[in-house]
Amino acid sequence: MAVNLVNVEQVSKVYGTRALLDGVSLGVSEGDRIGVVGRNGDGKTTLIRMLAKLEEADTGRVTHNGGLRLGVLTQHDSLDPQATIRHEVIGDLADHEWAGSAKIRDVLTGLFGGLALPGFEHGLDTVIAPLSGGERRRIALAKLLIAEQDLIVLDEPTNHLDVEGISWLAGHLRTRRSALVCVTHDRWFLDQVCTRMWDVQRGSVHEYEGGYSDYVFARAERERIAATEESKRQNLMRKELAWLRRGAPARTSKPRYRIEAANELIADVPPPRDTSELMKFANARLGKTVFDLEDVTVQAGPKTLLTHLTWQLGPGDRIGLVGVNGAGKTSLLRALAEACRSQGDVQPAAGKVVVGKTVRLAYLSQEVAELNPNLRVLEAVQQVRDRVDLGKGREMTAGQLCEQFGFVKEKQWTPVGDLSGGERRRLQILRLLMDEPNVLFLDEPTNDLDIETLTQLEDLLDGWPGSMIVISHDRFFIERTTDKVMALLGDRALRMLPRGIDEYIERRQRMEETATPASFAGSSAPKAAPAETVSPQAARAAKKELQKVERQLEKMSTKETSLHAQIADNATDFAKVATLDAELRELVAERDVLEMRWLELAEDA
């Protein structure tokens with residue numbers, strides 16, 4: 001029988017006149033991996049701080065098992081600013097001792113990209129004081145994971161990690177023997193790591209078995225039976241439930257309570273996006289040209305990030321853009337935005353960007369735009385427009401859109417200066433959508449947003465007719481809102497990934513395996529044999545053919561989606577289905593051959 005590690009008994013916590021937690025009783029046992037979800041401000045962080053005895057409860061008690069080894073990652077680290085990374089993470093271990101530990105090597109490589117900490121000027125001997133908040137947070141996480149604990153408590157551990165780092169962390173936590181309690185808005189991460197969920201809502205905590213997908217099913221069923229939620233929230237939950245069931249069935253692996261009843265909820269729910277209808281509408285709004293790039297070079301200061309880039313963002317294209325930090329994702333969006341703002345007068349360092357005449361671009365950058373702090377939320381939205389056309393006959397007032405983004409009536413009169421970071425992010429996205437753009441650039445749109453707000457944003461984007469590029473480390477959001485994934489792998493080229501983010505992770509792992517092993521202080525790594533090279537002319541030819549193959553793969557992907565839709569539409573016509581199935585099999589075989597050719601060309605390019 002699993003040993004109980006922490007008991008929370010009848011705990012309550014009040015801030016001002018608001019009860020964040022009201023008579024909550026919970027327990028954590030050996031082997032538990034618990035994800036904590038809920039809206040921002042509902043008490044998730046307060047709950048885990050009390051669980052870890054970092055904060056006192058007003059009433060009730062929290063008890064720890066005797067000798068409990070507890071590791072906690074909070075939103076604010078307690079690192080010594082005058083110390084080095086070596087001192088904080090590795091302590092007094094000699095080089096041969098820590099380098100001989102598989103666990104330490106795994107943590108350093110997973111969080112920093114190598115034992116030499118390539119992102120830090122002095123490696124392990126870098127002083128902590130001048131580092132950014134994100135760098136300090138990774139150091140604090142590394143320090144925690146290298147130690148041995150019975151229970152790990154993590155508050156937003158995926159913040160400041162890229163897609164690879166999040167994937168590594170999920171794999172690492174799955175193999176640890178420690179129990180885990182984790183607050184995060186990253187739904188893919190919750191599905192990968194957690195076996196139980198705590199949903200913090202209005203002073204109470206509801207428990208669910210399974211990961212995030214199982215939680216969505218169980219919560220939807222619970223709300224159907226209880227009939228306590230308003231219709232808007234119920235419809236949002238049903239839509240996400242439908243996507244989880246149809247779009248990614250492999251996500252849910254654990255048995256669910258009364259799955260048949262949950263499936264009844266989505267019997268009449270349409271697919272998240274009618275791609276063909278949106279494409280027609282996008283063509284009507286945008287014409288044939290959105291952004292055409294011809295032999296473009298993108299630079300950031302003296303650094304060249306992309307070269308010889310020939311690519312087209314067409315009407316209705318929904319692109320997820322991933323890549324290693326510093327490869328040029330944000331710089332590419334900025335170059336396109338600058339060309340759009342100047343109506344083509346400002347061009348990149350080399351090459352040409354052609355912007356469609358009807359393009360209305362909205363660009364959500366990582367920096368939250370400054371607004372007059374004395375403006376009320378509703379006034380800040382009405383400053384842009386009173387009503388917005390969301391396409392397909394949908395229209396909303398500023399007040400209605402505010403409510404959909406979590407600004408209920410009383411919150412709409414809150415001064416902007418009193419909003420939290422997440423609320424300001426929500427307001428920024430809201431103002432962008434009010435301007436009725438037909439092209440969206442979203443750079444890390446999920447930062448500081450809770451899961452419920454993310455589902456509301458995804459629901460709006462489902463029916464939004466236009467072209468879109470999304471940069472995000474949130475795999476769930478990219479898979480949910482975009483149709484194609486493209487990547488910057490640090491080789492100054494833009495690549496299409498037919499298999500999405502899974503393919504990106506695989507490619508990055510292959511690159512790491514073939515790279516020269518990183519050396520650490522006090523040791524020398526053997527030099528790799530020089531790689532066989534191709535001539536510049538052959539590389540250019542390979543790059544040109546590579547782009548042609550990528551365009552062919554894109555067309556195949558569109559045709560494959562169309563064939564699947566036709567098979568579904570003609571499900572009762574067996575002769576028709578057989579013909580379509582044969583066509584689909586032939587297409588898949590052609591695609592496999594083309595993907596192999598793509599890999600060969602990628603090596604030469």
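Where is the place of T446? I looked it up at the start, keeping in mind that this is a predicted model. T446 sits in the loop that runs between β17 (439–443) and α16 (451–462). I then checked its cover. T446 is buried, at 12% relative accessible area, because the cut-off for buried is under 20%. Next I listed its contacts, skipping residues up to four places away in sequence. T446 touches L454, S472, D474 and F477.

**Entry: the whole chain**

I stepped back to the protein chain. I noted 20 helices and 20 strands in its secondary structure. The chain has 605 residues, and 51% of them are buried.

**Entry: a sheet of three strands**

I traced an open sheet of three strands. Its order is β2-β1-β4, and the pairing is antiparallel. Which strands stand at the edges? I found β2 (18–29) and β4 (59–64) there. Each has a single partner strand, so one side of each lacks a neighbour in the sheet. From one strand to the next, the twist averages 15°.

I then went through one pair in detail. β1 covers residues 4–15, and it pairs with β2 over eight bridges in the antiparallel sense. I picked V6 and followed its bridge into β2. Its partner there is V28. As a reminder to myself, strands of a sheet pair through backbone hydrogen bonds, either parallel or antiparallel.

**Entry: α4 against α6**

I turned to a helix pair. Two packed helices are described by the angle between their axes and the distance between the axes. Helix α4 spans residues 102–112 and helix α6 spans residues 163–175. I read an angle of about 150° for their packing, and their axes are 8 Å apart. Angles over 145 degrees count as roughly antiparallel, so α4 and α6 are roughly antiparallel to each other. Which residues make the contact? From α4 I listed D106, V107, G110 and L111. From α6 I listed G165, W168 and H172. I sorted the residues of this contact by type: three are nonpolar, three are polar and one is charged.

I moved on to E209. It lies in strand β9, residues 204–209. Is E209 buried or exposed? E209 counts as exposed, at 61% relative accessibility. I checked C194, which is 15 residues from E209 along the chain. The C-alpha atoms of E209 and C194 are separated by 9.2 Å. Leaving aside neighbours within four places in sequence, I found E209 in contact with T195, R196 and D214.

R202 belongs to the loop between β8 (196–201) and β9. R202 is exposed, with a relative accessible area of 60%. I noted its backbone too. Phi of R202 is near 45°, a positive value in a residue other than glycine.

**Entry: H308**

I looked up another positive phi. Most residues other than glycine have a negative phi. Phi of H308 is near 50°, and H308 is a residue other than glycine. I placed H308 in strand β11, residues 303–313. At 39% relative accessibility, H308 counts as partly exposed.

Technical notes: Residues numbered from 1 in each chain as written. Predicted model: local features only at pLDDT ≥ 70, side-chain atom pairs only at ≥ 80, totals over all residues. Heavy atoms only, no water. Helix = DSSP H or I, 4+ residues; strand = E, 2+ residues; numbered from the N terminus. Buried < 20%, exposed > 50% of the residue type's maximum accessible area, 1.4 Å probe, protein only. Pairing = 2+ DSSP bridges. Axes fitted to C-alpha atoms, helices over the stretch in contact; angles between N-to-C directions. Parallel < 35°, antiparallel > 145°, perpendicular 65-115°, else oblique. Contact = heavy atoms within 4.5 Å. Nonpolar A, V, L, I, M, F, W, Y, C, P; charged D, E, K, R; others polar.
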